[in-house]
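Here is a colleague's note to read alongside the sequence and the structure. Please go through the points in order and find each place in the viewer.

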Amino acid sequence: MTSVTDISHGKEFLARGNVYLPHIVVIDKIIDETYDTRTFHFNFKDEKLREEFTFDSGQFAEYSVLGIGEAPFCISSSPTRSDHLEFTVRRVGRVTNALHRLGVGAEIGFRGAYGNSFPLNLLQGKNLVFVAGGIGLAPLRSLIWNVIDNRDRYKKIDIIYGARSPADLCFKYDLDTWDEDKTVNMVTTVDKGDESWTGREGFVPQILEQVAPSATNAVAIVCGPPIMIRFTFPVLEKLGFTPEQMITTLEKRMKCGIGKCGRCNIGNLYVCRDGPVFTYAQIKGFVSSEY
Amino acid sequence: MKNREMEQRLRHEAKTWLEEGKVDYVIGFEPGSLKFTTTPLITKDKDDIDRLVINPFMVNNLSVYLTEIKGRVGIVAKGCDSRSIISLIQDNQVVREDIIIMGIPCPGLIDLSKVELWLGRDRDELDDITRDGDRVVIMVDGKERNFSATEVLFDNCLSCEFPTPQEYDVLLGETSSLVADKIASRDKIKKLEGMTSEQRWEFWKGEFNRCLRCYACRSVCPSCFCKQCFVDESQPQWLLPVPRWQDNLMFQIIRNIHVAGRCTDCGECERICPVNIPLRSLTKKMYELVGDLFHYQAGMDKSAPPVLTAYEYTDAEDFIR
Amino acid sequence: MTNSKKINKKDIGGLLKEWSQEFTVFIPWRESGVAMLDKWDGTDTGFIDWYRNTVKPAKANFFPPMEEMFRFQKGREGYHIELPLDEHKQLIFGIRPCDARSLAILDMTFTESYQDPYYLPKRNNAVLIGLGCLKPYDSCFCTSLGISPAESTDVDLMLTDIGDQFLVKEITQKGKELIARASQVEEATEADEARAKEVRKAAYGKVTRRIDTKAISEKLLSCFDNQDYWEKVAAKCISCGICTFLCPTCYCFDINDELVKRQGARFRSWDSCAFPIYTKMPMENPRVEKWRRVRQRVCHKFEFYPMNFGTIACTGCGRCIRLCPVNWDITQTLDKLPG
């Protein structure tokens, strides 16, 4: 597939040694984003890997608590700020609970970076509309910082972000910074506010429709819970975005992360190998609600 | 009643139920895609009803579908199947008013793997198998081979105590002409009872080394109706979902304990195991234990509480030390 | 003068013995009535009389039901991770053409992008001695997928049963070298080759089950969203794992860790897209309904795999039909695809 809607890698991956062996990384900072979400700052234990490792915004890795299990999370830091790496975890199951029980200094396994990345070449010179919900901001955050750190390559930036309640907003420190940034239009919303909330209220797709960013020379990048994604695409279409102008990053149950175990497929595409970044045109095709 | 007449009556009834809107689905048996095989037919369409059959190979326990189908169902049930249905009613998994049971008095079903063992040939190499009362006639290589029914019926059929359905709305045919051989049906269990516990442990270790954890035994069992099986839990993780003999053995033991008092010895688990683990040696033994300890047989009384969820003052307490 | 060799059936034991100096020899074996490939005990070659096909497919020798990926220990300075030792060299005697082709199909997945470090060494070190079928099952449909029950180029040596002897055809260089060293092997005559040709033709004709694979990907694509059809198709499936585990081209696996005090291991084991929790995530499961899982299985084998690798991921071995608890038949499903 070589059409412009296909943004999967096509790179030949050269595995050095055993691709299933995790590298050891050490946690050096923990930030509580919300009552059930944490961001971990970490670095490779091995000095050489620390220098050599590179990744692109949108890629993910498989993180292990050895003996408990392994789970995929995007790398939520930007490759433009690579003195350390970050990933963000919501506590929902066996592995994520085990991760939340770890403290600074703990060692975990790291396999990656896997998957494709946001197509920066397609985004340059364009107006960017970021639409995110809840913890879905994590993969977009890597791209947003990447873009802001190379600000002159891109045109307008709109960020529309929402969560269920003020207590569920993630990366509040980033939201504040982006709000103060005059070159960024930061719109934050919650589904339902509390007594102290003075900002907007409404679901992300609704607010997106109100903000109504222009589709001319624009690309929309969407990430959030599947239900939010399913409601956001029609709104973008209404605003005039074509399926090739809509990019999303998907989440599926994964194990191997390298396109072997068969689990994460949408049609003939594997989210771990041909994704997790897809254009709407790629996945709209023949699969009904498999995402 | 001959099979042909029963089939006609079955098809007539089933068609009527669909036409009159008495049921949403009919579940029965139709000829399979392989020789001497039947396969479940689950349909809303009255044009499919003419495919329903009654023959000596209708092994499936159709009650397994009752816990997943939404709607009213007309279901074909043999003796053991009807008891599975009653067991499901006892567990509040099926509402009696939502089903119409077509009972078939069962003469026992032919175990093809026994036939294959006797003849040294596979089932697709046989020309014909017919049941005639207490004899079974098999045509192979143009020649006729005769067997007594007790030589080729399933082990659980040989020990069947209730071949005529316990609960039904319509009964096809008169009571069953089952040929039983209770002693032969307990051969394997008797052998195990005669072993020392070390020998038994080695035996089961050998058997469960072959287990692949395909979970067919769980999927085909009507008593395994849990929405999420204990092996699929990750918090806590009771067993490693890896086919080591230790985990395999533990899975089967715990599964047996979970279905104790619900299992009606339909024999499906042992029939379908792709690696021939003699699962009935566990389930049947459990069935007998439940009978000995609690004087209870599964699926006989739809108003009775499931045996392991009810407490009687007269229950045995000698195991409490 | 022909290009083929032959060996007497009664000399097979001797030949296997010679080969067991260098390889771990696997032959068809029956344990409790279950046919599978097992380590040769050194003497018994009775399988020549009863063997049709195994229950567990040949993939189990390269991609076993359970495999240790690595072991680890937590010490004071951190984790120490160990890889399992290398596997022995396998010689698989009696692999059928359907199973041999299935390995070639699996190779595509395990070499694509990343090289699988557990499957590939076993595969590269193994020797496959193919044996043509004499008695295909009534559930076999290999011929519809471009596979002959009697011939194969996916093996190193291909044997044909011509009565008291096997005709031996050299397929690869590895096979050539292997047979060159064998002492019981003779040159085959033209009569032998003619006999073999008859045997192969007869076997081919015995495969009576057929499916039409023409445009099957397109047909599946067009009915992907037909929920009514798939619900009907999936109605009697009970969501066990037999079809996927016994399928020679199914390769889905699960990864699980075990921890005992301060050490443990990571395993991979066979998994199935038919299981209800296969795609389960904490908040939702895109395939919670059975019909979606059944659709996934059929479409993966006959539509998605061809889209990715150019070949249908099925070899027509018929195990899924023969061993399914409810006789769910994929050939019937494919035949009745709505246009």
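**Notes on the predicted model**

1. Start in chain B, where Tyr215(B) sits in the loop that links helix H8 (197–208) to helix H9 of that chain. The model is a predicted one. The phi angle of Tyr215(B) is near 60°, which is a positive value in a residue other than glycine. Most residues other than glycine have a negative phi, and most peptide bonds are trans.

2. Chain B also has a cis peptide bond, between Gln235(B) and Pro236(B), with an omega of about 0°. Pro236(B) belongs to the loop between helix H9 (216–220) and helix H10 (245–259) of chain B.

3. Another cis peptide bond is found in chain A, where it joins Gly275(A) and Pro276(A). Here omega is about 10°. Pro276(A) is in the loop that runs between strand E14 (269–270) and strand E15 (277–279) of chain A.

4. Next, look at a helix pair in chain B. Two packed helices are described by the angle between their axes and the distance between the axes. For H8(B) and H10(B) the angle is about 105° and the axes are 9 Å apart. H8(B) is therefore roughly perpendicular to H10(B), as angles of 65 to 115 degrees count as such. On the H8(B) side the contact uses Trp204(B), Lys205(B) and Phe208(B), and these meet Trp245(B), Asn248(B) and Leu249(B) of H10(B). By type, the residues of this contact are 4 nonpolar, 1 polar and 1 charged.

5. Helix H6 (residues 204–211) of chain A packs against helix H7 (residues 226–238) of chain A at an angle of about 20°, and their axes are 9 Å apart. Angles under 35 degrees count as roughly parallel, so H6(A) and H7(A) are roughly parallel to each other. Their crossing is right-handed. H6(A) contributes Val204(A), Pro205(A), Leu208(A) and Glu209(A) to the contact, while H7(A) contributes Met228(A), Phe231(A), Thr232(A) and Val235(A). The residues of the contact of H6(A) with H7(A) comprise 6 nonpolar, 1 polar and 1 charged.

6. Now consider the fold of chain B as a whole. Its secondary structure comes to 12 helices and 8 strands. The radius of gyration of chain B is 20 Å, close to the 20 Å that the globule rule gives for 321 residues, so chain B is as compact as a globular protein of that length. Along the principal axes, the C-alpha atoms of chain B fill a box of roughly 60 × 50 × 40 Å.

7. Chain C has 12 helices and 12 strands. With a radius of gyration of 22 Å, close to the 20 Å from the globule rule for 339 residues, chain C is therefore as compact as a globular protein of that length. The C-alpha trace of chain C spans about 70 × 65 × 40 Å along its principal axes.

8. Where do chains A and C touch? The contact takes 37 residues from chain A and 40 residues from chain C. The chain A side that touches chain C divides into 16 nonpolar, 11 polar and 10 charged residues.

9. Last, the confidence scores. The model has an ipTM of 0.93 and a pTM of 0.93. The average pLDDT of chain C is 93, and 99% of the residues score at least 70. Among the elements of chain C, the lowest mean pLDDT, 89, belongs to strand E5 (residues 78–82), and the highest, 97, to helix H9 (residues 242–246).

Note on methods: Residues are numbered from 1 along each chain as its sequence is written. Chains are lettered from A and ligands numbered from 1 in the order in which they are written. This is a predicted model: local features need pLDDT of at least 70, side-chain atom pairs count only at pLDDT 80 or more; totals for chains, interfaces and linings use all residues. Axes are lines fitted to C-alpha atoms, for helices over the stretch in contact, and angles run from 0 to 180 degrees between N-to-C directions. Helices (H or I, at least four residues) and strands (E, at least two) are DSSP runs, numbered from the N terminus. Angles under 35 degrees count as roughly parallel, over 145 as roughly antiparallel, 65 to 115 as roughly perpendicular and the rest as oblique. A crossing is left-handed if the near helix is turned anticlockwise from the far one by less than a right angle, and right-handed if clockwise. Two residues are in contact if their C-beta atoms, placed from the backbone, lie within 7 Å. Ala, Val, Leu, Ile, Met, Phe, Trp, Tyr, Cys and Pro count as nonpolar, Asp, Glu, Lys and Arg as charged, and the others, Gly among them, as polar. pLDDT is the predictor's confidence in each residue, from 0 to 100. The radius of gyration is taken over C-alpha atoms; the globule rule is 2.2 Å times the number of residues to the power 0.38.
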